[in-house]
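Biologist: Before I use this structure, I would like to go through the terms one at a time. Show it to me first, please.

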Amino acid sequence: AEVLVRGRRVLELGAGCGLVGLAAAAVGANHVALTDTSIAVDHLSANVKLNKQRVADAGDDGLRRTFSASAHCLDWGDAEQAEQLCVSTGPFDLVLLSDCTYWQHLHERLASTLSQLAYRQQLLPPPDDSCAGTTTPARGGLLAAAVPTSSPPAGTKCVVLLAHHWRRPDVEQPFFDSIAEPPWPLRVTSLGREGDVELMRLDPVPLSADELEKHHAHEAERLI
């Protein structure tokens, strides 16, 4: 997992207790923004604080360790919240979500947020502390193929990695079909499957600046 996140700015959706995002921060992400609903964000913040302290304590051997993470409220489908997060904490190179697609009534809102996050990064300038252009050693395995080993300039590309546990394919497959079509044009690529768990990569379809602006305007109007 280290090759995936080192030097990158990461956003986790539906973080819950924060396991995925906290692990990303622990193995060298530039920064991780962990997000969930207002009900869960206090618990998430507590876990971030606890893990920061544990990483600091582990550094008593004199080795330099970094752990940069923060917890935020992000309700799927709330375009204003997502926009504020992108501007204040982004841009993000990588969006992670694990087992977040089993609630059918949230599919449309999740698809909208995924689309907004994936495309919005292309319009944002890189942050002052970005590690754009850094490289990580190539390694074998499934995750090594998930993102490029050379980080693109921050704000020019955002990769979404989604781990999904298939429970009811008849209910869940329409979600993946929908995000591949307008108004959520994300290209879905399967990176592998073990049993009922599948790892997918979602990529924004290349759009011009004018098309991106039209896309965001359409999403904002649709969610009003």
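Biologist: What is the order of strands in the open sheet?

Modeller: This is a predicted model, where local features need pLDDT of at least 70, side-chain atom pairs count only at pLDDT 80 or more, and totals for chains, interfaces and linings use all residues. Residues are numbered from 1 along each chain as its sequence is written, and side-chain values use heavy atoms, without hydrogens and water. The open sheet has 7 strands in the order S3-S2-S1-S4-S5-S7-S6, with mixed pairing. Strands are DSSP runs of E with at least two residues, numbered from the N terminus.

Biologist: Why is one side of S3 and of S6 left without a neighbour in the sheet?

Modeller: Strand S3 (69-73) and strand S6 (186-194) stand at the edges, each with a single partner strand, so one side of each has no neighbour in the sheet.

Biologist: How do you know that S2 pairs with S3?

Modeller: Pairing requires at least two DSSP bridges between two strands. S2 (residues 31-36) and S3 are joined by 5 bridges and run parallel, so they count as paired.

Biologist: In which strand is Glu198, and what does its side chain make a polar contact with?

Modeller: Glu198 is in strand S7 (residues 197-204). Its side chain makes a polar contact with the side chain of Trp166 at 2.8 Å; the cut-off is a pair of N or O atoms within 3.5 Å, and within protein one must be able to donate a hydrogen and the other to accept it, while residues adjacent in sequence count only if both atoms are side-chain atoms.

Definitions and conventions
Helices (H or I, at least four residues) and strands (E, at least two) are DSSP runs, numbered from the N terminus.
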